Protein chains: 2
Amino acid sequence: MEKKKWTVGVDLGGTSIKMAFIDETGAIIDKWEIGTDLTDNGANITRDIANSLDEQLQKHAHAKEEIIGIGMGAPGFINFEDGSVFEAVNIGWKNFPLKAALEKATALPVAVDNDANLAALGEMWKGAGEGAIDLICITLGTGVGAGVIINGQIAHGIGGMAGEIGHITAVSEGGYLCNCGRTGCLETVTSATAIKRMALKDYQNHPESKLYAIYQDKQDVTTKDVFDAAKEEDPFALSIVDEVARYLGEALSNVAILLNPQKIVIGGGVSLAGETLLKPVDHYIKAFTLPGVYEGLELCKATLGNDAGVIGGAWLINKQLKRI
Amino acid sequence: MEKKKWTVGVDLGGTSIKMAFIDETGAIIDKWEIGTDLTDNGANITRDIANSLDEQLQKHAHAKEEIIGIGMGAPGFINFEDGSVFEAVNIGWKNFPLKAALEKATALPVAVDNDANLAALGEMWKGAGEGAIDLICITLGTGVGAGVIINGQIAHGIGGMAGEIGHITAVSEGGYLCNCGRTGCLETVTSATAIKRMALKDYQNHPESKLYAIYQDKQDVTTKDVFDAAKEEDPFALSIVDEVARYLGEALSNVAILLNPQKIVIGGGVSLAGETLLKPVDHYIKAFTLPGVYEGLELCKATLGNDAGVIGGAWLINKQLKRI
């Protein structure tokens, strides 16, 4: 009997590299992490991945010939023609021939995309987006980004910059300064950083709020504190969540009207708030979108967490080799 | 020598049906129109198309066997699984099996999409979008709609409603009532109807404006009047164009940030204003988008006019039969 063929998913971050063996159904056989070696502008990373892969194959007594290939996500701008990385600031790569280097180091076929897109593909294949071919996966973390999938394919755009939803203008005038240099971007009102800023800016005017007490206690308020307080109906916390939900709902409505997606999947640290966030966001999407678009749309929380990237990598190499 | 194979493009409207023979390169061999018979809820339309096709084939002494197939656009919501029309209000169709009926009437393969999407495909193939695989074609007319092409494919969305860009929220609060029942939609500030309304609403406060004189003369001001006056630097007309351009520029920036398209093609009656509109829109896109997204983007005027639909139809049937 033919041994089941595996793929390798690799998700490169600034501190660690997540890796996994994944079977043809998208199930994780085993997963592990290695540290990211940032010395020499990341020159050793592909060698480290190759060595770690060999070790793990040995551990599983699995022959390399039974590996289909590697799908890898990198944080940065990818050149999709040759799988090189234009720039990955956190890694130190500039015009780094990632696909070619990793293929050479491993003697396996390699497919490359950016990490946000792979996470979206992972959610599409095995996570919250399962079954949908038109979906948006938005990640609300320190920043705000998205993977856009249309007709089952990632939308990269002409320069690989599609999905920069965090920089959609949410506040037309008088908005807060964004890292990108402009003001009022969606990121400035819906990221974890923004939610924390909203709480810290105004807690003093709400001595009745739990957030006031929390600040007195630890001289800080976290995004989690805001959502926890909102869950307990704290009016100040609820007002922050409502403001965030309104901005997010309006932006996602505009995306939905343009693309009529089946699913919008919300991931990242902020999504851990669950229904406390999703319910008001859904309310505003309903208010700002067309009835027919709203009817076809499901708003849901990402389910794969940190595994989304490696699973998306597995999907990508399977797709590239026309195995799915 | 094999006679060149032709396709037939059909673009159905509420008063006339545009038809054309189109060769493999996308060039129009001949085009003609027939009236749209709205009696019996449009039951005779596919028969009329078949008869007209036979007549024209005879006129050109071209055998039906040398026709590849028919690509047809209809104004309404299409069921892409079977090529039927859920509803086309202006025609009278409801759950009408368009593809099946036209295939039966003509004994040719038929591909169907909505008219806005076919116009976008036409511009992609032979018009302003030539060479781009990621593009948005927005039509500014009485209403505002768009065809969205990603990776060379139309984005339909789960319910065929993708591209309803006219209903993106442009004015969050206090906006004008839209036909869709909501307020502040992009259509309410950028359609021909909206531009005319802006002029009529405020001309009385601008007795120095050419538009004031025009109103005195003919008791009306058209969208064309507004752009003509703006071209001659009339301050009131310029202020209207600037307002329209700002709303359009901000909305298109958000679209561009999400999809990083190579081209945004502006068509429809309002696009006849040319640079008088495109220049300020480009200014606002630059202001509201990311530098990398702006660099990759070309804003241009549609070039195919009324031929876009039939040419898009020809592309669609060629594509469906895997000839291009």
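**Exercise 1. Helix α7 of chain B**

Task: Find what the buried residues of α7(B) pack against.

Solution. Their packing partners in chain B are α5 (192-202), α6 (210-218), α8 (235-259) and α9 (275-288). This is a predicted model. Now list the buried residues. Helix α7 of chain B spans residues 223-231. Within α7(B), the buried residues are B:Thr223, B:Asp225, B:Val226, B:Phe227, B:Ala229 and B:Ala230. Finally, step just past the helix. There B:Glu233 has a positive phi of about 65°.

**Exercise 2. Strand β2 of chain B**

Task: Explain why strand β2 of chain B is largely enclosed by the rest of the structure.

Solution. Start with burial. Strand β2(B) covers residues 16-22. Six of its seven residues are buried, so the strand is largely enclosed by the rest of the structure. Here buried means under 20% relative accessible area.

Next, take the pairing with β1(B), residues 6-12. The two strands run antiparallel and share six bridges. One pair to locate is B:Asp11 with its bridge partner B:Lys18 in β2(B). Three residues lie between β1(B) and β2(B), and the strands form a hairpin.

Then turn to β3(B), residues 28-35. It pairs with β2(B) in the antiparallel sense, over seven bridges. Look for B:Met19, whose bridge partner in β3(B) is B:Trp32. The hairpin of β2(B) and β3(B) has five residues between its strands. In that hairpin, B:Gly26 takes a positive phi near 95°.

**Exercise 3. The interface of chains A and B**

Task: Describe the contact between chain A and chain B by its residues, its buried area and its polar links.

Solution. Count residues first. Chain A gives 41 residues to the contact, and chain B gives 41 residues.

Now the area. The size of an interface is often given as the accessible area lost when the parts come together. Chains A and B bury about 3,300 Å² between them. Carbon and sulfur atoms carry 59% of that area.

Next, the links. Two salt bridges cross the interface. A salt bridge joins the side chains of A:Glu173 and B:Arg246, at 3.5 Å from N to O.

The largest share, seven residues, comes from α8(A). By type, this side holds 19 nonpolar, 16 polar and six charged residues.

Definitions and conventions. Residues are numbered from 1 along each chain as its sequence is written. Chains are lettered from A and ligands numbered from 1 in the order in which they are written. This is a predicted model: local features need pLDDT of at least 70, side-chain atom pairs count only at pLDDT 80 or more; totals for chains, interfaces and linings use all residues. Side-chain values use heavy atoms; hydrogens and water are left out. Buried means under 20% relative accessible area, exposed over 50%, partly exposed in between (1.4 Å probe, protein chains only). Helices (H or I, at least four residues) and strands (E, at least two) are DSSP runs, numbered from the N terminus. Two strands pair if DSSP finds at least two bridges between them. Contact means heavy atoms within 4.5 Å. Buried area is the accessible area (1.4 Å probe) that two parts lose on being put together, summed over both. A salt bridge is a side-chain nitrogen of Lys or Arg within 4 Å of a carboxyl oxygen of Asp or Glu. A polar contact is a pair of N or O atoms within 3.5 Å; within protein, one must be able to donate a hydrogen and the other to accept it, and residues adjacent in sequence count only if both atoms are side-chain atoms. Ala, Val, Leu, Ile, Met, Phe, Trp, Tyr, Cys and Pro count as nonpolar, Asp, Glu, Lys and Arg as charged, and the others, Gly among them, as polar.
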